[in-house]
Amino acid sequence: MLSELNAALRPGDDTPALLGRRRISRGDLAGLRDAYAGALHARGLRPGDTLGVAVRPGPRSLAVLLAAYRMGLRIAVLDPSAGPDVLLARLALAQPALIVADAAAQAVASWAAPLARRAGLALPELSRLAPAVTVGRRLPGSAPALRAGGPPPPVVEGDGDAVIIFTSGTTTSPRAVVHTRAGLGAGMRAVAELVRPEPGVPILGGMFFVLVPALASGAPVGVPSRRPRALARQIGTLRPQATYLTPPQLRTALDAGVPLRGRVYSGSAPVSSSLLGRVRAAGADEAWCVYALTEVFPAAAIEATGKAAHTGDGDPVGELLPGVRAGLTAGGELQLAGNGVCDRYLGGEPHEWVSTGDLARLDGRRVVLGGRVKDMILRRAENVYPGLYEPSLHVPGVSLAVLVGIPAGDGDENVVAVVETTPGTPRAQVEAALREPLRRMGGARPDHVLFAPVPLAGRSRKPDRAAAAAFAIAAVRR
């Protein structure tokens, strides 16, 4: 689909592509892409080379990615939330030939580092990783500008590595997912089939996996504002056919009373039935949970009505999307395979199946999650898998709820529920609504129920179970 988008973008086309403070046309995007491709080629980059990218979401980052794909380069995305030591280890493994960064990313690595650290962002000095250049406006201390080169080089066809996405690991053993051009295309076609973009009608979504399928289908895209008031104005002005927001973004918007419309999709972190219900109540025609991993995006999806109809244990994430296959290990861990699955982990051999880390059961092609393998709690010699029971805690008035284990002596653990309520909901109302779900949990019933905000972490703002457990330990001991 990246090839199709590159082929469809032509200089001079005044059709809108990116909607924001400044409207970017498809022709603007094509011109920017071609200029970057010519400049990167003039710097000596050739097919198969790795390009590090540290550019904020927007027209420049998209144009750099399109130029790199067109040239057959491999893209390594630098995540400023990972920490400088981890990034140094990751980029040493990826070995970029060049790093393209904007002034903001470079400021995080230099004069703005103290302020950035308060927001959980940090970058090492980019020159320690590879030669660096600046795109966009330069500030004092920025790397040299990416100078204009000649015409863009010939388009590279065929398969090969497309992108490296770092997921986890340590400074001594970083882990990175490698997607090929063919696999990336398959994943984006699956997104297009799920979202069903209508040409000419706006879509709200800032992720690369949303931008490309939408633009390739002829739909202009706006990056959702993180400020609820501005997001409400965007939705009212653009009247998007579809919107993609992460669960934390959705909760913030709903808590502020932002009206929604069209089809709303959410993923990258657990999406509860109650959250989807709130989305529908806020005006959306459809509300979708998308089950995805860095290794395969997307894998499965389910609409709010299907999720609400589930009455058993676990968290239903829907039918496997076309081209995705699933299996279970002897221990019940979900494994996935298919055209959109990553080719390998960087430094490893190609694989057919990837382990998700999720316990699950399969009802035909329907997937019901039962918790993370590593999140298991051991209480009185019984295994408690949080994912089996957390969905039942999301009663009306609960924004987010997690189960964590805390030490109880002799290697045993107590189960604690940390429950975050929606603003304005009386606690007594939530406690009453939780009585029956808690009773039905049987041997997994929590020893303590704490009402407090659930800590979040990472790029996708998933529940931080380690931080929740630390909070629970301190709260229970008080």
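## Basis of the description

Two strands are taken to pair if DSSP finds at least two bridges between them. Strands (E, at least two residues) and helices (H or I, at least four) are DSSP runs, numbered from the N terminus. The structure is a predicted model, in which local features need pLDDT of at least 70 and side-chain atom pairs count only at pLDDT 80 or more, while totals for chains, interfaces and linings use all residues. Residues are numbered from 1 along each chain as its sequence is written, and side-chain values use heavy atoms, with hydrogens and water left out.

## Strand 13 and its partners

Strand 12 (residues 263-266) pairs with strand 13 in the parallel sense over 4 bridges. Within this pairing, R263 stands opposite E286 of strand 13. Between the two strands the chain passes through helix 11 (residues 273-281), and the resulting β-α-β crossover is right-handed; that is, with the strands pointing away from the viewer, the path from the first strand over the helix to the second runs clockwise.

Strand 13 also pairs with strand 14 (residues 300-303), here in the antiparallel sense and over 4 bridges. The bridge partner of W288 in strand 14 is E303. Strand 13 itself spans residues 286-291 and is mostly covered, with 5 of its 6 residues buried. Buried denotes under 20% relative accessible area, exposed over 50%, and partly exposed the range in between (1.4 Å probe, protein chains only).

## L276 in helix 11

L276 lies in helix 11. This residue is buried, its relative accessible area being 1%. Leaving aside residues up to four places away in sequence, L276 touches V271, A287, W288, C289, A304 and K307, where contact means heavy atoms within 4.5 Å. The C-alpha atoms of L276 and A308 are separated by 8.7 Å, although these residues are 32 residues apart along the chain.

Strand 24 (residues 412-421) pairs with strand 25 in the parallel sense over 4 bridges, and V449 in strand 25 is the bridge partner of A417.
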